[in-house]
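Please open the structure in a viewer and keep the selection tool at hand.

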Amino acid sequence: MPNRNQVAFIASFAGTLLLLVALTEFVKRKLHAAGYYVSDLILIGLEKKPRAEPIDPEMADFLNGPYAQLIALALALATSALVYLKFGRGKRKPVLDPQTWKEFPLKQKIVISPNTAIYRFALPHPEDVLGLPIGQHVSVQAEINGKDIMRSYTPTSSDDDLGHFDLLVKAYEKGNISRYISLLKIGDKVRIKGPKGHFRYTPTLAREIGMIAGGTGITPMLQIIRAALKNPLDRTKLSLIYANVNPEDILLKKELDELASKHSHRFRVYYVLNNPPPNWNGGVGFVTKEHIENHLPPTDKDIKVLMCGPPPMITAMKKYLDELKYPAPRTISKLEDQVFCF
């Protein structure tokens with residue numbers, strides 16, 4: 001639906017056009033009454049040549065009558081409508097507000113595994129966009145046992161997804177917010193605020209990006225991977241090491257494998273499992289220094305390494321990266337850092 005400004009623009013355009021048509025007709029009639037014709041005025045100073053064939057009187061009456069103006073008006077309005085449909089329907093204002101908590105109802109729950117699901121929340125309008133830059137996250141707040149609890153989540157959806165946003169959440173028995181979200185019923189609301197974070201992905205951010213993710217730490221990586229690979233002008237190469245305990249813990253593996261197959265020249269994924277199945281061809285145990293050395297880009301001024309996962313894992317990864325001569329990450333990562341921790 002057009003907004004108020006777009007309706008005002010169309011109305012003012014149509015009103016101005018009608019006024020011009022009426023004014024043109026008035027001036028033309030006055031000139032005709034005085035014995036002047038527009039075509040003659042345009043050709044002043046040129047020799048008048050007799051017409052080879054006289055214009056059919058009925059055609060002349062039609063061209064000089066009101067129907068010609070009505071047809072011209074209809075064509076102008078049709079052209080305006082096409083221009084509006086093509087260029088005038090921009091995205092709506094982003095819904096997120098970094099200063100204000102907003103509530104969004106649960107619209108759909110898509111089960112991924114026994115304890116993990118994608119929770120789809122509806123935005124106020126079907127054409128609304130969340131307004132989250134790629135690489136940033138939101139805060140989720142809930143009152144639990146009389147206390148306001150807050151945790152950060154990275155939506156796996158983007159602003160290409162109109163009218164909703166998705167949170168990939170793994171429910172833990174002792175996880176306050178994750179358990180709260182897992183118990184939501186359709187129509188129940190959560191409080192959201194954002195965007196938050198110091199990372200913002202752009203196609204020119206780095207020549208190559210290496211990623212290390214553990215468990216649900218895949219969400220910011222997936223957001224970046226999706227955005228980079230669907231942009232035909234983006235040339236960034238991506239390498240992902242994704243660590244989990246069991247095979248069923250690998251979230252959205254099918255999608256990751258499909259992306260790696262479709263974009264094999266730009267995206268590679270290497271899985272590491274503590275408890276691998278028979279004939280497993282990925283890594284076994286924890287992510288090691290050798291895994292990083294073999295599957296991520298070596299340190300350079302135009303590469304980045306992104307990490308997201310459990311704190312013990314991140315601590316170990318920092319140690320290995322230091323041994324491989326990567327710059328040490330800051331306590332709070334900044335966009336310009338070569339090693340960034342979400």
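Begin by selecting helix H9 (residues 311–323) and the elements that cover its buried residues, which include E7, strand E8 (237–244), H8, E11 and strand E12 (339–341). Helices (H or I, at least four residues) and strands (E, at least two) are DSSP runs, numbered from the N terminus. The model is a predicted one, in which local features need pLDDT of at least 70 and side-chain atom pairs count only at pLDDT 80 or more, while totals for chains, interfaces and linings use all residues. Residues are numbered from 1 along each chain as its sequence is written, and side-chain values use heavy atoms, with hydrogens and water left out.

**Along helix H9**

Which residues of H9 are buried? Select Met313, Ile314, Met317 and Leu321, which are buried in H9; buried means under 20% relative accessible area, exposed over 50%, and partly exposed in between (1.4 Å probe, protein chains only). These residues cover an arc of only 95° around the axis, so they sit on the same side of H9; the arc is that of the directions from the helix axis to the C-beta atoms. Next, select Pro311, Pro312 and Thr315, which are exposed on the other side of H9.

From its first C-alpha to its last, H9 reaches 19 Å with 13 residues, close to the 18 Å expected at 1.5 Å a residue. The expected span of a helix is 1.5 Å times one less than its number of residues. A salt bridge is a side-chain nitrogen of Lys or Arg within 4 Å of a carboxyl oxygen of Asp or Glu. About one helical turn separates Lys319 and Glu323, because they are 4 residues apart in H9. Glu323 is partly exposed, at 34% relative accessibility. After H9 comes Lys325, whose phi is positive, near 75°.

**Salt bridges elsewhere**

How many salt bridges does a search of the whole structure find? The search finds 14. Side chains of opposite charge can pair when their charged atoms come close.

Select Asp166 and Arg120, whose side chains form a salt bridge (2.8 Å, N to O). This pair links distant parts of the chain, 46 residues apart: Asp166 belongs to strand E5 (residues 164–170) and Arg120 to strand E2 (residues 116–122). Asp166 is buried, at 8% relative accessibility.

Move on to Asp302 and Arg207, a salt bridge in which the closest N and O atoms are 2.9 Å apart. Asp302 lies in the loop between helix H8 (289–295) and strand E11 (303–308), and Arg207 in the loop between strand E6 (189–196) and strand E7 (208–214), so the pair ties together parts that are 95 residues apart in sequence. Asp302 is partly exposed, with a relative accessible area of 28%, and Arg207 is partly exposed as well, at 41%.

**The nonpolar cores**

In soluble globular proteins, nonpolar side chains tend to be buried together. A nonpolar core is a set of buried Ala, Val, Leu, Ile, Met, Phe, Trp, Tyr and Cys residues joined through side-chain atoms within 4.5 Å. Select Met211, Ile218, Ile225, Leu240, Tyr242, Leu256 and Phe267: of the 32 residues in the largest nonpolar core, they touch the most other members. E7, H6, E8, helix H7 (253–262), strand E9 (267–273) and E11 each supply at least two residues of this core. H6 gives the most to this core, with 8 residues.

Centre the view on Ile225. Leaving aside neighbours within four places in sequence, Ile225 is in contact (heavy atoms within 4.5 Å) with Met211, Leu238, Leu240, Leu256, Leu259 and Phe267. Apart from this core lies another, of 23 residues, among them Ala117, Leu132, Val138 and Ile192.

**Backbone features**

Most residues other than glycine have a negative phi, and most peptide bonds are trans. Select Gly194 and Pro195, between which the peptide bond is cis, with omega near 0°; Pro195 is in strand E6. Then select Asn145, which is not a glycine but has a positive phi of about 55°. Asn145 is found in the loop between strand E3 (137–144) and strand E4 (147–153), and is exposed at 78% relative accessibility.
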